[in-house]
Amino acid sequence: MSVVPAGVGTADEAVEVPVETPPGRPSGPSRRPRRRRKPVGGATASVALWAYAALALIPLVLMVSSSFRSNGDLISDPLGAPWPLSVDSYREAWTTGNFATYFGNSLAVTLGAVVLSTTVATMASYALARGRSRIFRWLESLFLSGLMLPIHLAILPIFYLFDGVGLIDSRLGLALMYGASGVPFSIFVLTTFFRQLPGELEEAAVLDGASTWQTFWRIMVPLVKPAVATVAVFRFVPIWNDFLFPLVLLRDDAKYTLPVGLTQFFGENATNFSAVFAGLVITTIPLIVLFLVATKQIVAGLTAGMAK
Amino acid sequence: MSRRTGLLFLTPALALFGVFVLYPMLTAFSYAFYEWQGTSRGGFSGLTNFTALFTRAPFTTDLPRALWHNVAFFLGTMAVQNTVGLTIAFLLHRRDRSRRLLQTLYAMPYLVSPIVIGYLWTLLLSPTFGPVNTLLTKVGLESWALPWLGDPDTALWVVILVSVWQWIGFPVLLYGAALGGVPEELTEAARVDGASHVQAFRRITFPLLVPAIGTVSVLTFIFAMEAFALPYAFGGSTGNPAGATDFISLLFYRTAFDSGATDAIGTSSALATLLFLLIFGGAYAATAVLRRHERRITT
């Protein structure tokens, strides 16, 4: 499937395209100042748009503010303000609720999987972009077919595969699985990117006596860094959030990732609202941080995902 | 690059992808056509596992109900994101200063784990302490302060609306990108010729947006058919209350890991195969229709 409507990939740049300069103008500041365009709907629409932003954010704000209040406060006044700030709920979730363990597991599994799939996909994409033999075209479509596969439906064979090789209840197994499932998307984005790089750079490197590996590692990889960042950031989110695989493949409480640990904690502490809120925030914080430092990569990944 | 070096570069990715994605995916289908006794595979059984899904309890009641919920989930999501989402994207697309910030704000819930979203809204909608019902009571809407998630008549719609709330940033972003690609000269020419904003949108902008809407629809379809974590957070693996939030993936999970039936592997694999065919067939058909439309507007 490749349904890429015009304009995708230039989501935010589309309107920045300078208006064509009429011919015959003196070369001064050659760009005519951009005409201010009237937004559709005027002020009424502005109010509506900001109101919707509030609707999108208030539940998340409530989640954070409630996590800083005591359980008694929450029950007597669910909408109260979080002063004075209390971090007791975090202490409870982090230590008694085992969130410290879950957090470490999630971080290890997610980072491991992202590094693994990004590394193998970068190598593979270079070969797919530069290889001329027909077998590369064939392999490329094999990888891209993986974009369409709902991998969650293969949970049973994965379960028995892992059972056979001792990877049940193993964080390594989970990381390998996520690493593999990220390969199609990563290859899809990276191959496109490698293809846009001019071949002269490599020819020059080869003339200077560099091996293929040196050319790849010293010249090409630094050039595709932005795409690698997009892929890594964009894969981080679904792996961090995934629920079915750890639910089925992990047994031991000490190996749980956050979504499964959270489910267990919620089941046992459903009435300890403030501690549950703290658990929700702990599970979400890395994604918020990631979003703030890498908004551009996430937006790029979302629009790239559209083309699959 | 020589063919040999190229294949060497490809080997790690191929091995990983082959072992953990392709092989399980292909065996997943083969499981459905065998007889199973616990974890030991018997002989080839043709379509027996599939017919069991339509003739045996609990499938005869659970499967149609779950399927309907998936379809309602898809249609409900489509209805909201193609009205509210598209309107937001349209209102946003000429706001050069605030657009990026607003798009970012709308996309925030999208990042959060569906499990977290499910538990968050369970707490927010809690009848005993939930801020939502507290607020409704405060503004004089006591009659609206209902146990939204406890009532089988409303629970499914809560799941759908919460999911839309979480996802809306995605269509807004993609429709925004597509709107950015509509040449302004076209709409301006129409305006000069006396068309209203609404007419210009309906006759010019909208037809050019159809490919984007189609893509979003296909992705929404796949997403809706696979829904698992969000309903699990709301209603557990049995789709409480009273199966009102049951979905095919939950039924699959129950069959495979909770049912204890001796042929669980066979029937659950058959269910997975059907779901795969549904997703793949639906996505494929939609894409074919879309391609035809694209050809029509580009030639």
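Student: Is B:Arg65 buried, partly exposed or exposed?

Tutor: Buried means under 20% relative accessible area, exposed means over 50%, and partly exposed lies in between, with a 1.4 Å probe and protein chains only. B:Arg65 has a relative accessible area of 29%, so B:Arg65 is partly exposed. B:Asp62 is buried, at 11%. Before we go on: this is a predicted model, in which local features need pLDDT of at least 70, side-chain atom pairs count only at pLDDT 80 or more, and totals for chains, interfaces and linings use all residues. Residues are numbered from 1 along each chain as its sequence is written, chains are lettered from A and ligands numbered from 1 in the order in which they are written, and side-chain values use heavy atoms, with hydrogens and water left out.

Student: What joins B:Arg65 to B:Asp62?

Tutor: Side chains of opposite charge can pair when their charged atoms come close. A salt bridge is a side-chain nitrogen of Lys or Arg within 4 Å of a carboxyl oxygen of Asp or Glu. Here B:Arg65 and B:Asp62 form one, with their closest N and O atoms 3.3 Å apart. Both residues lie in helix H3 (residues 59–92) of chain B, three residues apart, about one turn of the helix. Helices (H or I, at least four residues) and strands (E, at least two) are DSSP runs numbered from the N terminus.

Student: Which parts of chain B does the salt bridge of B:Arg254 and B:Asp62 tie together?

Tutor: The side chains of B:Arg254 and B:Asp62 meet at 3.2 Å, N to O. B:Arg254 lies in helix H12 (residues 248–258) of chain B and B:Asp62 in helix H3, so the pair ties together parts that are 192 residues apart in sequence. B:Arg254 counts as buried, at 13% relative accessibility. Salt bridges link B:Asp62, B:Arg65, B:Asp246 and B:Arg254 in a network.

Student: How many salt bridges are there over all chains?

Tutor: A search of the whole structure finds ten. One of them, in chain A, joins the side chains of A:Arg130 and A:Glu202 at 2.9 Å, N to O. A:Arg130 lies in helix H4 (residues 99–130) and A:Glu202 in helix H9 (residues 200–207), so this pair ties together parts that are 72 residues apart in sequence. Both A:Arg130 and A:Glu202 are buried.

Student: How do I read a pair of aromatic rings?

Tutor: Rings of Phe, Tyr and Trp (its six-membered ring) pair if their centres lie within 6.5 Å; planes under 30 degrees apart count as stacked, over 60 as edge-to-face and the rest as tilted. By this rule there are 48 aromatic pairs over all chains. Take A:Phe185 and A:Phe234: their ring centres are 5.3 Å apart and their planes stand at 35°, so the pair is tilted. The pair links distant parts of the chain, with A:Phe185 in helix H8 (residues 183–195) and A:Phe234 in helix H11 (residues 225–241), 49 residues apart. A:Phe185 is buried, at 8%, and A:Phe234 counts as buried at 15%. Ring pairs also link residues into a cluster, among them A:Phe159, A:Tyr160, B:Tyr31 and B:Trp36.

Student: Which residues form the positive surface patch?

Tutor: Patches are made of residues with over 30% relative accessible area and no salt bridge; like charges are joined within 9 Å, and nonpolar side chains (Val, Leu, Ile, Met, Phe, Trp, Tyr) within 5 Å. Lys and Arg count as positive and Asp and Glu as negative, while His and the chain ends are not counted. The place of a charge is NZ of Lys, CZ of Arg, CG of Asp or CD of Glu. The positive patch is formed by B:Arg291, B:Arg292, B:Arg295 and B:Arg296. B:Arg292 is in helix H13 (residues 264–298) of chain B and is exposed, at 54%.

Student: Which residues make up the nonpolar patch?

Tutor: A:Ile285, A:Val289, A:Leu292 and A:Val293 form it, with about 400 Å² of accessible area together. Accessible areas come from the Shrake-Rupley method with a 1.4 Å probe; for residues, only the protein chains shown count as cover. A:Leu292 is in helix H14 (residues 273–293) of chain A and counts as exposed, at 63% relative accessibility.

Student: Where is there a cis peptide bond in chain B?

Tutor: One joins B:Ala57 and B:Pro58, with omega about 0°. B:Pro58 is in the loop between helix H2 (48–55) and H3 of chain B.
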